[in-house]
Amino acid sequence: MYETDYLIVGAGAVGMNCADVLLEETDADILIVDRHAAAGGHWNDAYPFVRLHQPSVYYGVPSRTLGSNQIDRSGPNKGYYELPTGAEVSAYFEQVMRQRFLPSGRVRFLPMHDFDQNTGTLRRLLSGQEHQVKVHRKIIDTTYFATSVPACHTPKFDVEAGLTIIPPNALPATAPAYGAFTVVGGGKTAMDTCVWLLENGASADQIRWIVPRDSWLINRAITQPGDDFFYASLEGYAALLEAAASGTDVADIFARLEASKCMLRIDPDVTPTMFRNATISQGEIEVLRQIGDVVRAGRVLAISPTVIDLEHGSLGTTPDTLYIDCTAKAFSARDVEPIFSPGRIFPQVILNGSVCMSAATIAFVEAHYEDDDVKNDICTPIPLMDQSEDWLPMIYWHLQNVQRRSTEKDLGRWMRANRLTGFGAPKGTRENPDPKHLEILARIKQASPLASKNLKNLMSPATP
């Protein structure tokens, strides 16, 4: 029998942030369980060339910096803050566990364990041995995101025997034996795979890219932290709100976002229908535009030695082609649920674009507020994204949360001091503020209520 104040199910970014803040803000005992052998969640299964899609300063836990806070001087991300590799992120979470959590004496970690929500039973995956666990305060269930990674994904299309289809994890070891590559999938994993092939010597003529849906992508230039990028990031936010306030429909809003360089698309002649909050640099866009054989005929249905069947047609292929399956979704859209309930916390996104800061904030609210109804009022979940239309409720609920939390002074101070906010500082002083900063703030103040009103009007009655 185990006893604990908080049982955290999952040692990924969400669970680690909850533990980090609860360790700092409470005197609680914490038990973390995970099916993996080490902390880090899905990063344990990541493909070897994956990188975090946002600057490292926005990721990890509040108590420990990730990365070296350097500007990349080469490659497609040149000029922007570093994007740590998957190996670096995995090592970081393991260090947080081994160097901060466990030495505290208040955190225990059970790797290679499963937790049955119905019976309250912990089970060792290797031996099958079971233990009961008594939770005095709450279970923190981090499974809402149900993250899917290529290494653990089974394609939903048929592949005839004898053909080679691999996840991106196997690409570095397998690619040298092939001269033709077909990348299946239109998301960021597929983009990473195409960029890796091109940067490692494959010619654009060797690559076929099957893109079921094109995606709108956030321009990484407006997401940069630190003083040097302060005005670019703040102006990007102002432009985003102004597009939300003035747009007549989804298409018009994205046209405005593209015109203000908040959003990018790979093919300027194809209107994307997908939005999953991924970021990309203009340098990556230019690399991807080298590929000429881009197939837009829906999802793959089946692959034979000579034919690829698609939703809207078919095309010829050869038996010696290497297929890379990039169709796993990092997460699937699902209905939001109350985050706080008796005996349970169900973390979800409450700050647009930041899973880590969302989880940390939820844990802070748990530590400093008593009533679950008040906690839920402060922490309204933002729906996960899939289609372009999902941008509307995402920004609407982001603005509602910002407005609601602005009334909580202690929470606001904690959030502003948290390293995961990543913002730089304006020039000037309190006595002599910088006019440019004041001008952008005035734009944001004017656009925010108009954006909320317009987005609410544009959203369908069925929108969460």
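1. Let me start with the pair β15 and β16: strand β15 (residues 300–303) and strand β16 (residues 307–310) run antiparallel and are joined by 3 bridges. Strands here are DSSP E runs of at least two residues, helices are H or I runs of at least four, and both are numbered from the N terminus. Two strands pair if DSSP finds at least two bridges between them. Ala 302 has Asp 309 in β16 as its bridge partner.

2. A word on the model before going on. It is a predicted one, in which local features need pLDDT of at least 70 and side-chain atom pairs count only at pLDDT 80 or more, while totals for chains, interfaces and linings use all residues. Residues are numbered from 1 along each chain as its sequence is written, and side-chain values use heavy atoms, with hydrogens and water left out.

3. Back to the sheet: β15 and β16 belong to an open sheet of 4 strands with mixed pairing, in the order β7-β15-β16-β17. The edges are β7 (158–159) and β17 (313–316); each has a single partner strand, so one side of each is left without a neighbour in the sheet.

4. Strand β1 (residues 2–9) runs parallel to β6, with 7 bridges between them, and Glu 3 is bridged to Lys 134 in β6. Strand β5 (residues 121–124) is antiparallel to β6 and joined to it by 3 bridges; here Leu 122 stands opposite His 131.

5. Please have a look at the turn in the hairpin of β5 and β6. There are 5 residues between the strands, and Gly 128 takes a positive phi near 80°.

6. Now the helices. Helix α1 (residues 13–25) packs with helix α8 (residues 355–368) at an angle of about 35°, their axes being 8 Å apart. Axes are lines fitted to C-alpha atoms, for helices over the stretch in contact, and angles run from 0 to 180 degrees between N-to-C directions. The crossing of α1 past α8 is right-handed, meaning that the near helix is turned clockwise from the far one by less than a right angle.

7. Which residues of α1 meet α8? On the α1 side they are Ala 13, Val 14, Asn 17, Cys 18, Val 21, Leu 22 and Glu 25, and their counterparts in α8 include Ala 359, Ala 363 and Phe 364. Contact means heavy atoms within 4.5 Å.

8. Asp 20 also sits in α1. Is Asp 20 buried or exposed? Its relative accessible area is 2%, so Asp 20 is buried; buried means under 20% relative accessible area, exposed over 50% and partly exposed in between, with a 1.4 Å probe and protein chains only. Not counting residues up to four places away in sequence, Asp 20 touches Val 61, Pro 62, Ser 63, Arg 100 and Phe 101.

9. Asn 219, in strand β11 (residues 215–219), is buried too, because its relative accessibility is 9%. Leaving aside neighbours within four places in sequence, Asn 219 is in contact with Lys 261, Cys 262, Met 263, Leu 264 and Ile 280.

10. Finally, helix α5 (residues 230–246). At 1.5 Å a residue, its 17 residues should span 24 Å, and the end C-alpha atoms are 24 Å apart, which agrees. Among the buried residues of α5 are Phe 230, Tyr 231, Leu 234 and Leu 241. The buried residues of α5 pack against α6 (250–259), α10 (391–405) and α12 (435–458).

Key. The expected span of a helix is 1.5 Å times one less than its number of residues.
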